[in-house]
Amino acid sequence: MNLKKFLKAALCGAMVVAMAVTAGCGGGDKKADSGKKVLKVGMECAYAPYNWSQPSADGGAVKIAGSNEYAYGYDVMIAKKLADSMGADLEIHKIEWDGLAPAVVSGKIDAAIAGMSITSKRKESVDFTKPYYYATVVALVKKDSPQAQAKSVADLKGSIATSQLNTIWYDQIDQVPDVKKLPAIDNVPGMIVALKSGKCNLIVTDIPTAKAAAFANHDLTMVTFPEDKGFKTSKEDVEIGIAIKKGNKELADAMNKVLSGMTEADFNKIMDEAIKKQPLAK
């Protein structure tokens, strides 16, 4: 091989190596079009008012990855604030409830922002940020039912009740005297159908979910109780946090910086806005 051919071959080889290195460096952290970091967030996109899906970007909704639909709701509003503060593009992934924590652990998503209670059990597999909402547990019932007149959890005696699968709400049902506890339901729309159809006469859930359901379904109502007569909950039951991969201190610090600058009143204001914007309310 003469010198000219040798130099040409060496140059081509260097270019191939450089291209391979460049291709291997992205790791999903950057978008080719903007060059910005990407914050990958998972949620059900079927859990109004925390999150839902809609056909357009109206109101500020974000495109769901791999879909023609858009996600919006309280969780998306919070996610947008966090992404903006980090100078990142927000990417929403639609994932079933039971798949959210595993998706965080595997690295498929950076965070699950999905109305998730900060429980000891969940902290075994993921880390959590500071709370981004505080959710009191309440009863959701039909307006014309005896349960609607209840003044305490004890007054719900003998109810036929259910709630969502793998939530602290489902565990709270056991506090109702002589309750008939039905199997848990996969999602919130399914819970509402069960209540409206008469399959059950009590749903145990949190205030945002109950308020949103009652706002969209005028035959339903939320029943709250005085603190000493309501559902007994622990701090971890009502604190809602963002799940991130264990040991990801950089992301936790970035998110906590934003959340620390917000008050419970700020959270409630955003949640009220989400309740009014949910699709069923229109």
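Modeller: Here we have a predicted model, in which local features need pLDDT of at least 70 and side-chain atom pairs count only at pLDDT 80 or more, while totals for chains, interfaces and linings use all residues. Residues are numbered from 1 along each chain as its sequence is written, and side-chain values use heavy atoms, with hydrogens and water left out.

Biologist: How many bridges join strand β3 to strand β5?

Modeller: Strands here are DSSP runs of E with at least two residues, and helices are runs of H or I with at least four, numbered from the N terminus. Strand β3 covers residues 51-54 and strand β5 residues 70-72, and they run antiparallel. Q54 stands opposite Y70 in β5. The number of bridges joining β3 to β5 is 3.

Biologist: What angle does the direction of helix α2 make with that of β5?

Modeller: Helix α2, residues 74-85, packs on the sheet and touches β3, β4 and β5, contact meaning heavy atoms within 4.5 Å. Axes are lines fitted to C-alpha atoms, for helices over the stretch in contact, and angles run from 0 to 180 degrees between N-to-C directions. The angle between α2 and β5 is about 90 degrees.

Biologist: Within what arc do the buried residues of α8 fall?

Modeller: In α8, L251, A252, M255, N256, V258 and L259 are buried, whereas K249, E250 and K257 on the other side are exposed; buried means under 20% relative accessible area, exposed over 50%, and partly exposed in between, with a 1.4 Å probe and protein chains only. The arc is taken from the directions from the helix axis to the C-beta atoms. Seen down the axis of α8, the buried residues line one face of the helix, because they fall within an arc of 160 degrees.

Terms used:
Two strands pair if DSSP finds at least two bridges between them.
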